[in-house]
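Work through the two exercises below with the model open. Each has a task and a stepwise solution.

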Amino acid sequence: MKTLNTILRELREDHDIKQETIAKYLGISQQTYSNYENGHREIPITAVKKLAKFYKVSTDYLLRSDTSYLGSVDLNATYIDDISMHDIVFDMQTLDDASRKDLVKYIRFLHHEAE
């Protein structure tokens, strides 16, 4: 099971954010935040709450009570490059049935290859 510090590091890296940015958001030094991520210092619950809000996840997810986080819940946020998840879903809905089935097969293939 992943620890809180590992989850926070992965979220930060997934969002391509520097430790310094998160530290400023929390009102702490970059070194203190680094100690949180490295597991050298316990993360206060107030920081956990703020980080959950920042990343738009639940505190349950951060504390591993809920493992259902699949990414940002904002469909209009940029997903990759300048494309939002809303754009992707819209494009998928305009495909015919056969193309949608092919797309799902391809996504499953890519997921399998990544494992």
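**Exercise 1.** Which residues line the second largest pocket?

Some ground rules precede the solution. The model is predicted, so local features need pLDDT of at least 70 and side-chain atom pairs count only at pLDDT 80 or more, while totals for chains, interfaces and linings use all residues. Residues are numbered from 1 along each chain as its sequence is written, and side-chain values use heavy atoms, with hydrogens and water left out.

*Step 1.* List the lining: Tyr79, Met85, Ile88, Met92, Leu103, Val104, Tyr106, Ile107 and Leu110. (A pocket is an open set of points on a 1 Å grid over the protein atoms alone, where a 1.4 Å probe fits, with protein on both sides within 12 Å along at least five of seven lines; lining residues have an atom within 4 Å of a point.)

*Step 2.* Assign helices (DSSP runs of H or I, at least four residues, numbered from the N terminus). H6 (85-93) and H7 (97-114) each supply at least two lining residues. H7 gives the largest share, five residues.

*Step 3.* Classify. The lining has nine nonpolar, no polar and no charged residues. (Nonpolar: Ala, Val, Leu, Ile, Met, Phe, Trp, Tyr, Cys and Pro; charged: Asp, Glu, Lys and Arg; polar: the others, Gly among them.)

**Exercise 2.** Describe how H1 packs on H4.

*Step 1.* The axes (lines fitted to C-alpha atoms over the stretch in contact, with angles from 0 to 180 degrees between N-to-C directions) of H1 (residues 4-14) and H4 (residues 45-55) come within 12 Å and cross at roughly 30 degrees. H1 is therefore roughly parallel to H4 (angles under 35 degrees).

*Step 2.* Find the contacts (heavy atoms within 4.5 Å). Leu4, Leu8, Leu11 and Arg12 of H1 meet Val48, Leu51 and Tyr55 of H4. By class, that is six nonpolar, no polar and one charged residues.

Methods: Angles under 35 degrees count as roughly parallel, over 145 as roughly antiparallel, 65 to 115 as roughly perpendicular and the rest as oblique.
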